[in-house]
Amino acid sequence: MTTAATETAKAPKTSRDWDMAAIAPFIALALLLILGYFANPNFVSVANILNVVTRSAFIAIIALGATYVISSGGLDLSVGSMVAFVASLMILFLNAAPIADPMMLLIAGMLLALLLGAACGLFNGLITTVGRIEPFIATLGTMGIYRGLTTWLSQGGAITLRDRELQALYRPVYFGDIFGVPVPIVAIFVTAALAAFVLYRTRYGRHVIAVGSNEDVARYSGISVRKVRTIAYVIQGLCVAVAVLLYVPRLGSTSATTGILWELQAITAVVVGGTALRGGVGRIWGTVCGAFILEIVGNIMLLSNFVSEYLIGAIQGAIIIIAMLVQRSLMRRS
Amino acid sequence: MTAAISHDSAPLLEAVGLSKTFGIVEVLRDIGLTVKAGEVHAIIGENGAGKSTLMKILAGNQPPTRGEMRMDGQPVTFSGPVDAENRGIVLVHQEILLAPDLTVAQNIYLGRELKKGLTVDDRAMNESAAKAIRDLGGDIDPNAIVSRLSIAQRQLVQIARVLLVPHRVVIFDEPTASLTPHETEALLKVIKDIRAKGVAVLYISHRLPEVKEIADRVTVLRDGRLVASHDASELEPADMARLMVGRDVAKLYPDRHAGVAREVVLEVEHLDVPGYAQDASFQLRKGEILGFAGLVGAGRTELMEGLVGLRPSRGTVRLNGKPISFQDVHASLKAGIAYLSEDRKGKGLLLTKDLRVNLTLASLGKFVNALQIDRKRESDALDEAIREFDIRTGRKDILAGQLSGGNQQKLLLAKMMMLDPSIVIIDEPTRGIDIGNKEQIYKFIAKLAEEGRSIIVVSSEMQELIGICDRILVMRSSRIVGEVTGDHMNENEIVVLATGVKTGEAA
């Protein structure tokens, strides 16, 4: 009854108070760069920075998709397996498709990868929305399915792009550069700019945030919660496919262990970036920043001799927990 | 008898000059209060008058900003609700706070389980839980799972749980809010029994007839101040209402000028909402305000949700003569029917988002230019809504959750009116809203009807339905059981239909 009175009585806080959560990842990134400099002055060389950012491309792009899924109130654990599955099918197609012109073959292969990624995402989305299965369980299941199918396709070995000419043609997509900027870095920023536009500027983006913030309010406002969530998973699938497009020219080969634990890294990047794991807040540039942070931590571990690089998984696991603790304490304060 | 004895005795609990401020807002100012053993002291007041804050202070949930409390004449301060409980002051919460998946006995003993060695002693707990319930005049199996109990039974379990603590003062915070008249009667008897045992009872309610029935003393709060404190015998419910509101209650409702057109805009025939509403048939005319009365759980909200596609439903619905059915709210909004949920905070507004986002959420399509949302036009729309609906906010970038209940309701109304619906269904339009905002909401509703829109108001407050509606349909146990119009629009007729019991029969 007195809620009316108590509400107005609290210190006047506004949407601006969330700013701290928004800039925290960038502060962390800056601190890491300084720390890196002291660990090894070579760390801040242009070459090393470009190298680190390039290597973060896979996780950054996948995490951009995860930002949609998570801010709409979902979760996708299958992204690592999906990378392996989509990449394997793409290589098998490139090896077997009866298309004579290598360029045409490559374009067809890339379109196929995008289509497969979208289809895998759609499958995840439909299981959770139409099938009404908790996203955690649904994507835990498809994680096993995509991984298992990859193992079966490769018969436990590796799937390798065989055609030399095709390899040479495809190579610049990862190793090339545009005006001196490596292609993967361009890919990160183009994807992020697109993701930011859709999330912050379009009706669909507003609906994603509304659904993640309060499903009932969205439903009562005439928003199709199912459609919004399903599309978020499709966007995630497309982002996985874009990562695959960069991954295949880099190694030219997949195996049952491709993309293992990438879901941990992608979700960590999202959370470190300030997106709320319970949905309703999505931070695109924070996610990109989160992916950089993960890669830089790994790089510092490699360049310095403080910690064994074999501990990288453990460190990343610790980072996601610390990020959650920081997020919560920031929220309590506001 | 006990009442007679206690009147001579010293007050058991006494509050002197209690004030409470949150930030710069004064919620309570200089409240003095005494309650004696074997006495029921009712605290009444409008929503937002400060009743709950006062109770929270007395039960140790919040410290007062100024003033002191005394027990048996000795000053006391409570470090928390547990401290107050140790001194014998217990609070029966308005909401049911029980674990739905546990049994009655497990709930009653939750956190203070009886043990036998290392294990819990279920038999002993079941036995004494059964006894505690019997003592309250109830008959509930201590092994029953709480989620299967009725609201009244759950309330009894909650009271049994509270009374398990040795107590001298029991505070009831609006205990009858969701009870039927029959259940209310049973609860009042429980409270009379507690009083007869020499316990002091503080009773918060705004249902005046029951206050008249049970209270020995009545204190009226308005806007955080104590405006009157009398023996209950000196006050009639009408006096209490006047003191609570601070003016003539009749002025609250707007005059209606425009008559209702003959033209029927919405026809509902034999609509079933499985599990909630059966065979509902009614018509809504252009410019009409149609009320839906009934007890909590009668199926009014669910009927409306079925109508607009929020729940599966079967039956015939005709809009302007054309048969329609809605799969979801998107479809019903498109057809020009807007539903404003009773659950403003849970289903109406995104509390953690700002006003602009909330205002345009249902009508975003209108603000899109070449894929992009035009934020400038959104802001302009917000400015206009703030003016038109008199949304009181210091800053425009605050979050919806920071608005007061009344302003939230105005924002929700503005949000739905962005779609320019021809039919507006408002569920509990003034729940949790202070008197000033109430008056404004009624004016808005009347204005919408005058503009030629048709309005359905679902409400548990019979006075408000009588005050603003042209016609009232009454629901009982999932069915529309009757209609009251014209001179028959009074509380008695509605209660008779809503409960199926003729209250006046005995007389």
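E16(B) and E17(B) pair in the antiparallel sense, over three bridges. Strands, like helices, are DSSP runs numbered from the N terminus: H or I with at least four residues for helices, E with at least two for strands. Two strands pair if DSSP finds at least two bridges between them. B:Leu319 stands opposite B:Lys322 in E17(B). The two strands form a hairpin with two residues between them. In the turn, B:Asn320 has a positive phi of about 50 degrees.

A word on the model and its numbering. This is a predicted model, in which local features need pLDDT of at least 70 and side-chain atom pairs count only at pLDDT 80 or more, while totals for chains, interfaces and linings use all residues. Residues are numbered from 1 along each chain as its sequence is written, and chains are lettered from A and ligands numbered from 1 in the order in which they are written.

Angles here run from 0 to 180 degrees between N-to-C directions; axes are lines fitted to C-alpha atoms, for helices over the stretch in contact.

Strand E13 (residues 264-273) and strand E16 (residues 314-319) of chain B pair in the antiparallel sense over five bridges. B:Asp272 has B:Arg314 in E16(B) as its bridge partner. B:Val268 stands opposite B:Val317 in E16(B). Contact means that the C-beta atoms of two residues, placed from the backbone, lie within 7 Å.

Next comes a second sheet of chain B. This open sheet has six strands in the order E18-E21-E22-E15-E23-E24, with mixed pairing. Strand E18 (337-340) and strand E24 (479-485) stand at the edges, each with a single partner strand, so one side of each is left without a neighbour in the sheet. Neighbouring strands are turned by 20 degrees against each other on average, direction ignored. Four bridges join E18(B) to strand E21 (residues 423-427) of chain B, and the two run parallel. B:Ala338 stands opposite B:Val424 in E21(B). Helix H18 (residues 491-499) of chain B lies across strand E15 (289-294), strand E23 (471-476) and E24, running at about 30 degrees to E23(B).

Strand E9 (residues 169-173) of chain B is mostly covered: five of its five residues are buried. A residue is buried if 20 or more other C-beta atoms lie within 10 Å of its own, exposed if 12 or fewer, and partly exposed in between. In a regular strand the side chains alternate between the two faces of the sheet. B:Val169, B:Ile171 and B:Asp173 take one side of E9(B), B:Val170 and B:Phe172 the other, and both faces are covered. E9(B) runs parallel to strand E6 (residues 89-92) of chain B, joined by four bridges. There, B:Val92 has B:Phe172 as its bridge partner. E9(B) also runs parallel to strand E10 (residues 200-204) of chain B, joined by five bridges. B:Asp173 is partnered by B:Ile204.

Helix H11 (residues 329-334) of chain B holds B:His330. With 17 C-beta neighbours inside 10 Å, B:His330 counts as partly exposed. Leaving aside neighbours within four places in sequence, B:His330 is in contact with A:Gly222 and A:Ser224.

Chain A supplies a helix pair. Two packed helices are described by the angle between their axes and the distance between the axes. Helix H10 (residues 183-201) and helix H15 (residues 284-303) of chain A pack at an angle of about 150 degrees, with their axes 9 Å apart. H10(A) and H15(A) are therefore roughly antiparallel to each other. The cut-offs are under 35 degrees for roughly parallel, over 145 for roughly antiparallel, 65 to 115 for roughly perpendicular, and oblique for the rest. A:Ile188, A:Ala192, A:Ala195, A:Ala196 and A:Leu199 in H10(A) meet A:Ile284, A:Trp285 and A:Val288 in H15(A).
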